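Trainee: I would like to learn how to read a pocket and a helix packing. Can we work through an example?

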Amino acid sequence: MTAAQSNRKLGIMFAILATIIFAAGDAVSKTLVVDHSVWFIMMARYWFHLVVALVWATSSKKGLVGSFRSGNPLVQLIRSVLLFTEIALIIITFGMLGLAETTTLIMVHPLMVTALAAMFLGESVGWRRLVALLVGMAGLVIIMQPTGNIWGTGGLIGLAATSSFAVYQLFTRMASRYDDALTSFLYAGVIGVVMSTVMGIPNIPPWGEINWLLLALACFGSTFAHFCVIKALSLTFASEIQPFTYLQIVWSIPIGFLVFGTLPIWTTILGAALIVAAGLYSIHRSNQMAKDADTA
């Protein structure tokens, strides 16, 4: 086995591990939101995020001050606010829908990004990817239909969260033209801390009522999952690990059953299957187009 093949397998293992941790972390957030304010949970997570970002920036070659310098602060501000909005909405959704249902809604965002990138960034989208987009949207319609268990306020909030995350991804692509990952990570932490602290301080519960174990798991789990993603990307190409992100839907079903005793209904499973199939094909076509461009 060559070094490249070994790195690829190790990268895929880290990517799969990230999906497991994200799914488990979602279950932790869903449990926490029962007895804790959304804003308090976010404040704790963002302060932990900021501490990690400050340590990373301080130990980097650019240093703390250099890491704060952005080529486009406005884009960083917008993407950070969008990320804050998405996290808040998705935690609210966890309190209203099952784990698998919420995860399925989240996984619509790659298809939304494809459409938005074509409209606003001028990225090429051929007819095959357009068909995949329509199939994915058909899956979304199926899971959102009135007789299903996602229809209602929870489903609409989840859809708003997914839309926010898709637009966030768009602005992240724009930010990557000006700044590196560290600057983007640092801006998200600083702006998130400011917003979550303003909302979180009035909602701090009595110290004796805080579930410190679950709160620590939420903070550490999210950070470690993102580390796994970064590590996976350092070992192999993004195109190699993208398809495995959909495994989060798979993990969410048994975790949701074991922790909460819930299972998705058949319309959710059918819709999720269409969304995953459309997403995987869209990734395949994107990779194929990149290879064709390289060989042209």
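Trainee: Which helix gives the most to the lining of the second largest pocket?

Mentor: Bear in mind that this is a predicted model. Helix 13 gives the most, with 6 residues of that lining. Helix 13 spans 266-295, and helix 5 and helix 12 also supply at least two lining residues each.

Trainee: How many residues line the second largest pocket, and which lie nearest its centre?

Mentor: The lining has 13 residues, and those nearest the centre are I249, I253, I269, A272 and A273. The space in this pocket is about 160 Å³.

Trainee: How do the lining residues divide into nonpolar, polar and charged?

Mentor: The lining of the second largest pocket holds 11 nonpolar and 2 polar residues, with no charged ones.

Trainee: At what angle do helix 5 and helix 12 pack?

Mentor: The general idea is that two packed helices are described by the angle between their axes and the distance between the axes. Here, helix 5 (residues 99-106) packs on helix 12 (residues 247-260) at about 165°, and the axes are 8 Å apart. Angles over 145 degrees count as roughly antiparallel, so helix 5 is roughly antiparallel to helix 12. Their crossing is right-handed.

Trainee: Which residues of helix 5 meet helix 12?

Mentor: Helix 5 brings L99, A100, T103 and T104. On the helix 12 side they meet Q248, I249, S252, I253, I255 and G256. The residues of this contact divide into 5 nonpolar and 5 polar, and no charged residue takes part.

How values were computed: Residues are numbered from 1 along each chain as its sequence is written. This is a predicted model: local features need pLDDT of at least 70, side-chain atom pairs count only at pLDDT 80 or more; totals for chains, interfaces and linings use all residues. Side-chain values use heavy atoms; hydrogens and water are left out. Axes are lines fitted to C-alpha atoms, for helices over the stretch in contact, and angles run from 0 to 180 degrees between N-to-C directions. Helices (H or I, at least four residues) and strands (E, at least two) are DSSP runs, numbered from the N terminus. Angles under 35 degrees count as roughly parallel, over 145 as roughly antiparallel, 65 to 115 as roughly perpendicular and the rest as oblique. A crossing is left-handed if the near helix is turned anticlockwise from the far one by less than a right angle, and right-handed if clockwise. Contact means heavy atoms within 4.5 Å. Ala, Val, Leu, Ile, Met, Phe, Trp, Tyr, Cys and Pro count as nonpolar, Asp, Glu, Lys and Arg as charged, and the others, Gly among them, as polar. On a 1 Å grid over the protein atoms alone, a cavity is a set of points where a 1.4 Å probe fits but cannot get out, and a pocket is an open set with protein on both sides within 12 Å along at least five of seven lines; lining residues have an atom within 4 Å of a point. Grid points are joined across faces, edges and corners, and a volume is the space filled by probe spheres set on the points.
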